[in-house]
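Here are my notes on the structure you sent. They are set out as numbered points, to be read beside the model.

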Amino acid sequence: MVNRGMSKRTHNILFPNCYLCMSANNRRLRRLVVDILFDKGALTRTQIAEELARVRSLREVPSDNSLSSVLAKNVQLESVGFAKVEKLNGNKTKHMIFDIKRELITTREEIEQTRPMSCMTASERRLAIRCPQCGKHRILPEGSDICIHCIKGL
Ligand SMILES: [Zn+2]
């Protein structure tokens, strides 16, 4: 959704994670990656791509580039180290390992509560409230008036 008087390029620079721009498929992809890591534990990008290939709800398996960008710009994920992988020619190479932020996310509910607005489903967006402490829109834990990031100080 491009604002009037602003080029698409400027808009994308100012709002890289605009929830109106992000395609439904990209949103689904971002949610899936978090769910896969929650269930399977830390994985490399190649392993994540293998898991995604098994998921039927995804229209197409993402390219290496789009998967890299999902992994890099994701507040629910972090890199937790490297795996040494041996190539066919015998050379060893390092692959980054990704995981959900385990301190932040310990339950499925906390996956929802840490989900950025840009990745929410329409029904999640209706439940989201602006956290008065950090100013981000999140689904707040029951009985709390601040978001889970602020509660945990993460
Ligand atoms: Zn907050």
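1. The C-alpha centres of domain 1 and domain 2 lie 21 Å apart. Domain 1 covers residues 9–102 and domain 2 covers residues 104–154. Keep in mind throughout that this is a predicted model.

2. Where the two domains touch, domain 1 supplies 14 residues and domain 2 supplies nine residues. On the side of domain 1 that touches domain 2, the element that gives the most is helix 2 (residues 24–40), with five residues. That side of domain 1 has seven nonpolar, two polar and five charged residues.

3. As for the overall layout, the protein contains seven helices and five strands. Read from the N terminus, their order is α-α-β-α-α-β-β-α-α-β-β-α. The C-alpha trace spans about 55 × 40 × 30 Å along its principal axes.

4. What share of the 154 residues in the protein is buried? Buried residues make up 16%.

5. In soluble globular proteins, nonpolar side chains tend to be buried together. In this model the largest nonpolar core has nine residues: Leu29, Val33, Val34, Leu37, Ile48, Val70, Phe98, Ile100 and Ile105. Helix 2 and strand 3 (92–100) are the elements that give two or more residues to this core. The largest share comes from helix 2, with four residues.

6. Leaving aside residues up to four places away in sequence, Phe98 touches Leu37, Ala42, Leu43, Ile48, Leu71, Leu77 and Ser79.

7. How do helix 2 and helix 3 (residues 45–54) pack? Their axes are 10 Å apart and the angle is about 105°, which means that helix 2 is roughly perpendicular to helix 3. Helix 2 makes the contact with Leu32, Val33, Ile36 and Lys40, and helix 3 with Ile48, Glu51 and Leu52. Sorted by class, this contact has five nonpolar, no polar and two charged residues.

8. Helix 3 also packs with helix 4 (residues 64–72): the axes come within 11 Å and cross at roughly 110°. Helix 3 is therefore roughly perpendicular to helix 4. The residues that make this contact are Arg45, Ile48 and Ala49 from helix 3 and Leu67, Ser68 and Leu71 from helix 4. They divide into four nonpolar, one polar and one charged. Ile48 of helix 3 takes part here, and Ile48 is also listed in the contact with helix 2.

9. Proline 62 is in the loop between helix 3 and helix 4. Is proline 62 buried or exposed? Proline 62 counts as buried because it has 21 C-beta neighbours inside 10 Å, and a residue is buried if 20 or more lie within that distance. Not counting residues up to four places away in sequence, proline 62 touches Leu29, Leu52 and Leu67. Proline 62 and asparagine 25 are 37 residues apart along the chain, and their C-alpha atoms are separated by 9.8 Å.

10. Two residues of helix 2 can be set side by side. Alanine 24 is in helix 2 and counts as exposed, because it has 10 C-beta neighbours inside 10 Å. Arginine 31 is also in helix 2, but with 18 C-beta neighbours inside 10 Å arginine 31 counts as partly exposed.

11. Alanine 24 and methionine 120 are 96 residues apart in sequence, and C-alpha to C-alpha they are 9.7 Å apart in space. For arginine 31 and aspartate 145, which are 114 residues apart along the chain, the C-alpha atoms are separated by 24 Å.

12. Last, look at the loop between strand 4 (129–130) and strand 5 (137–138), where glycine 135 is found. Glycine 135 counts as exposed because it has 8 C-beta neighbours inside 10 Å. The C-alpha atoms of glycine 135 and isoleucine 146 are separated by 9.6 Å, and these residues are eleven residues apart along the chain.

Notes. Residues numbered from 1 in each chain as written. Predicted model: local features only at pLDDT ≥ 70, side-chain atom pairs only at ≥ 80, totals over all residues. Domains from an automatic or database assignment. Contact = placed C-beta atoms within 7 Å. Nonpolar A, V, L, I, M, F, W, Y, C, P; charged D, E, K, R; others polar. Buried ≥ 20, exposed ≤ 12 C-beta atoms within 10 Å, placed from the backbone. Core = buried A, V, L, I, M, F, W, Y, C linked by C-beta atoms within 7 Å. Axes fitted to C-alpha atoms, helices over the stretch in contact; angles between N-to-C directions. Parallel < 35°, antiparallel > 145°, perpendicular 65-115°, else oblique.
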